[in-house]
Amino acid sequence: MSAGHMNAGRGEGRLTTHVLDTMAGRPGAGITVVLDRLGDGGARTRVAEARTNADGRCDAPLLAGTDLTVGRYELTFAVGAYFQARGVALTDPPFLDEVPIRFAISDAGQHYHVPLLISPYAYSTYRGS
């Protein structure tokens with residue numbers, strides 16, 4: 001069995017994120033990020049909340065060690081408030097207010113990096129490193 005499969009149930013990895021404001025070409029600083037674990041039947045458990053720093057990153061992993069477990073998760077980024085605070089002209093209500101990203105952790109021994117590239121009218125994400 002490979003090391004990755006041996007770690008599948010153990011929490012030795014970590015979950016991180018960062019935000020890039022593609023409209024301004026700089027990090028998305030001061031954005032509230034919420035992490036929920038998604039369970040069966042629509043159950044949702046809040047597991048972390050953070051705010052991005054000047055580099056658009058959270059100061060610590062959202063989950064790490066034994067707190068990172070196999071399962072489905074959702075990150076929600078409060079981008080409407082971020083753009084409003086920067087004085088960006090937005091529709092009322094904003095086209096993008098809160099951006100949710102649903103993803104799964106299949107190996108708790110790995111590093112999962114889920115970045116967000118954002119503008120007032122578009123976003124993208126990927127599994128980073």
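Aspartate 21 is buried, at 0% relative accessibility, where buried means under 20% relative accessible area, exposed over 50% and partly exposed in between, with a 1.4 Å probe and protein chains only. This is a predicted model, in which local features need pLDDT of at least 70 and side-chain atom pairs count only at pLDDT 80 or more, while totals for chains, interfaces and linings use all residues. Residues are numbered from 1 along each chain as its sequence is written, and side-chain values use heavy atoms, with hydrogens and water left out.

Back to aspartate 21: the residue sits in strand S2, strands being DSSP runs (E, at least two residues) and helices likewise (H or I, at least four), numbered from the N terminus. Setting aside neighbours within four places in sequence, aspartate 21 is in contact with Arg26, Pro27, Gly28, Tyr82, Phe83, Arg86 and Ile118; contact here means heavy atoms within 4.5 Å. Glutamine 84 is 63 residues away from aspartate 21 in sequence, yet the C-alpha to C-alpha separation is 13 Å.

Confidence is next. The protein has a mean pLDDT of 92, and 91% of its residues reach 70 or more; pLDDT is the predictor's confidence in each residue, on a scale from 0 to 100. Residues 1-9 are another story, with pLDDT below 50, and beyond near neighbours in sequence this stretch has 11 contacts in the model.

Strand S2 (residues 19-21) pairs in the parallel sense with strand S10 (residues 116-119) over three bridges, two strands counting as paired if DSSP finds at least two bridges between them. In that pairing, aspartate 21 stands opposite isoleucine 118 of S10. S10 also pairs with strand S11 (residues 122-125), this time in the antiparallel sense and over four bridges. Serine 119 faces alanine 122 of S11 there, and a hairpin links S10 to S11 through two residues.

Now for the sheets. Strands of a sheet pair through backbone hydrogen bonds, either parallel or antiparallel.

Another open sheet consists of three strands in the order S6-S1-S9, and its pairing is mixed. S6 and strand S9 (111-113) are the edge strands, each pairing on one side only. Strand S1 (residues 14-16) pairs with S9 in the parallel sense over three bridges, where threonine 16 has histidine 113 as its bridge partner.

As for the rings, three aromatic pairs are counted; rings of Phe, Tyr and Trp (its six-membered ring) pair if their centres lie within 6.5 Å, with planes under 30 degrees apart called stacked, over 60 edge-to-face and the rest tilted. One of them joins tyrosine 73 and phenylalanine 103, which are stacked at 6.0 Å centre to centre with 20° between the planes. Tyrosine 73 belongs to strand S7 (residues 71-78) and phenylalanine 103 to strand S8 (residues 98-105), so the pair ties together parts 30 residues apart in sequence. Tyrosine 73 is buried at a relative accessible area of 1%, and phenylalanine 103 also counts as buried at 15%.

Threonine 52, in the loop between S5 and strand S6 (63-64), is buried at 5% relative accessibility. Proline 93 lies in the loop between helix H2 (79-85) and S8, and a cis peptide bond, with omega about 0°, joins aspartate 92 to proline 93.
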